[in-house]
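The structure is shown first, and my notes follow.

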Amino acid sequence: MDLRHARTFVTVAELGTVSKAALRLRIAQPALSRQLIDLEHELGLRLFDRVGRRLLLTGAGEQLLSGCRVLLNSASAVMEQAQMLRDGDTGVLKIAGSPQHIESVLSLFLHRYAERYPKVEVKISEGTGSDILTLLERGEIHLGQNLLHAIKLDERHYGSLPLGAVEILAVCHPSMPLGQRRTIEVAHLADVPLLLMDNGFGFRRAFDAASRLAGLKPTIAFESRTPHTLLALAEAGHGVAIVPSQLQCHRYQLRILGLTYRGRPLREPLTISWDKRRPLPRFATDYCQMLAAYMREIFPISQPTEPMLPAPRPKARVRAGD
């Protein structure tokens, strides 16, 4: 099978139209259509049904799609291996992580990594757990940062390295009456308006699981895919934001409390993962080790604040003669 035809087939299947696929692959639409026809003739199968302007996979096309992706990933792996043998510590490293990981960790770590591997170009993609797993499965990235329990990795195919643990925090305006301790039980948020990330984020699903165990039915005031939106709303007094300790909170006037369930902190292990079927260059394996060491230095990013104790009452003055 011509790899160009396989790449065309996969791209059309993902984008749904010839015009979009032609733009991505940078070839003329007639040429792309001919490649599809040639592939169907070669295989003796109809791969697409045309519905309006869209191309929908036939049953045969759906079954062949995963095999073509494996073929393209294998070809890409061979090319990368050849580049490693040819260039040594030169190449492209494709990674993906959550918005808070990119902001609080990678923004500074990449300078340290560049000192060790100045000839490696690092390309970053942003995503949540399911997004990152999809990128790994498609071979579009080498490494994906994620919470360990946010996605289910097949250990036969994927390897991972622990990077530490992320604690789940409750942050609010300092005036909100949530007690005087540095922590708060999940069950005690029953009557509080909550500001939550959407359920594409692993730590949100961990919070939801703890809420169910505690019998909490959250009062959700707002959901977002942007962590700092929640911090801004919490600072303005609109509720309590549930965020990971990996998020930088120091730019906001907030009180930070650690979330607990039956006295135990809510925390999730953080890992970086890769596809074991795809050979990693040395600069990628070193990236993992360097990142783990760096995160041991800087974690946790945000910690619970010390509660403000009420000011002591002034002592009554004793007048002379009393």
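I began with the lining of the largest cavity, which by class has eight nonpolar, nine polar and no charged residues. I counted Ala, Val, Leu, Ile, Met, Phe, Trp, Tyr, Cys and Pro as nonpolar, Asp, Glu, Lys and Arg as charged, and the others, Gly among them, as polar.

I note that this is a predicted model, in which local features need pLDDT of at least 70 and side-chain atom pairs pLDDT 80 or more, whereas totals for chains, interfaces and linings use all residues. Residues are numbered from 1 along each chain as its sequence is written, and side-chain values use heavy atoms, without hydrogens and water.

I searched the whole structure and found two cavities of 30 Å³ or more. A cavity is a set of points, on a 1 Å grid over the protein atoms alone, where a 1.4 Å probe fits but cannot get out; lining residues have an atom within 4 Å of a point. A volume is the space filled by probe spheres set on the points, which are joined across faces, edges and corners.

For the largest cavity I recorded a volume of about 120 Å³. Of its 17 lining residues, S98, Q100, N146, L147 and G202 are the closest to the centre. β5 supplies the largest share, three residues. Helices (H or I, at least four residues) and strands (E, at least two) are DSSP runs numbered from the N terminus.

For the second largest cavity I recorded a volume of about 30 Å³. Its lining residues include I95, H101, Q145 and Y287. β3 gives the most, with three residues.

Key
On a 1 Å grid over the protein atoms alone, a cavity is a set of points where a 1.4 Å probe fits but cannot get out, and a pocket is an open set with protein on both sides within 12 Å along at least five of seven lines; lining residues have an atom within 4 Å of a point.
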